[in-house]
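Please keep the sequence and the model open while reading.

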Amino acid sequence: MQRSGYQQTIAELRANGVRLTPQRQWILRYLKETEEHPTADEIFREINQALGGISLATVYNTLHTFAEMGIIRELSYGDKLSRYDGNEKEHAHFVCESCGQIANVESPVLSGVSTGSGFQMRSYRIEFYGLCEDCQVSAKTC
Ligand SMILES: [Zn+2]
Ligand SMILES: [Zn+2]
């Protein structure tokens, strides 16, 4: 399934009577337009370069609210910082064990997994671990 884009998400929120501050709109747009999975700190740095005057607590609150609404996903990794995903649809991830970078894995096999089983799949979380391209290069040069 295709992820919802920024315009579509904001239109749905407005239709439900949800109004967002410019800061919240910025965060939503940022997550919906990136293929990356930033931490709250990274989003905090980006928004302060772009708009300024927003606290880390506000960034966390906004991310929490969006995740509760189901328009983004929070990916938690135990004691490591959570990462945030603008793609709210089910998909798997490739996680770099060295730098923590996360890439999406698009696989039609995964969405077809429950076919014929009688189960109706509601959600899944699948992660593949290894080294990203950058880290493979630095592993060789070391
Ligand atoms: Zn890496
Ligand atoms: Zn993702």
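## Domains and overall layout

The domain assignment divides the protein chain into domain 1 (6-85) and domain 2 (92-141), the bounds being taken from an automatic or database domain assignment. Taken over C-alpha atoms, the centres of domain 1 and domain 2 are separated by 22 Å. This is a predicted model, in which local features need pLDDT of at least 70 and side-chain atom pairs count only at pLDDT 80 or more, whereas totals for chains, interfaces and linings use all residues. Residues are numbered from 1 along each chain as its sequence is written, while chains are lettered from A and ligands numbered from 1 in the order in which they are written.

The protein chain has six helices and five strands, where helices (H or I, at least four residues) and strands (E, at least two) are DSSP runs numbered from the N terminus. Along the sequence they follow the pattern α-α-α-α-β-β-β-β-α-β-α. The C-alpha atoms fill a box of roughly 50 × 40 × 25 Å along the principal axes. Of the 142 residues, 17% are buried; a residue is buried if 20 or more other C-beta atoms lie within 10 Å of its own, exposed if 12 or fewer, and partly exposed in between, with C-beta atoms placed from the backbone. Among contacts between residues at least 6 apart in sequence, 48% join residues at least 24 apart, a contact being a pair whose C-beta atoms, placed from the backbone, lie within 7 Å.

Helix H4 (residues 56-69) has 14 residues and should span 20 Å at 1.5 Å a residue, which agrees with the 20 Å between its end C-alpha atoms; the expected span is 1.5 Å times one less than the number of residues. Val59, Thr62, Leu63 and Phe66 are the buried residues of H4. Seen down the axis of H4, these buried residues fall within an arc of 100°, so they line one face of the helix, the arc being that of the directions from the helix axis to the C-beta atoms.

The other side of H4 carries the exposed residues Ala57, Asn61 and Glu68. The cover over the buried residues of H4 includes helix H2 (22-33), helix H3 (40-50), strand E1 (73-77) and strand E2 (80-85). Just after H4, Gly70 has a positive phi of about 80°.

## How H2 meets H4

The axes of H2 and H4 come within 10 Å and cross at roughly 65°; axes are lines fitted to C-alpha atoms, for helices over the stretch in contact, and angles run from 0 to 180 degrees between N-to-C directions. At this crossing, Gln23, Arg24, Ile27 and Leu28 in H2 meet Thr58, Val59, Thr62 and Phe66 in H4.

Leu31 also lies in helix H2, and it counts as buried because it has 24 C-beta neighbours inside 10 Å. Leaving aside residues up to four places away in sequence, Leu31 touches Ile72, Tyr84 and Gly86.

## Helix H3

The buried residues in H3 are Ala40, Ile43 and Phe44. They cover an arc of only 105° around the axis, which puts them on the same side of H3. These buried residues pack against H2, H4 and E2, whereas Asp41 and Gln49 are exposed on the face turned away from the buried side. After H3 comes Gly52, whose phi is positive, near 75°.

Notes
Contact = placed C-beta atoms within 7 Å.
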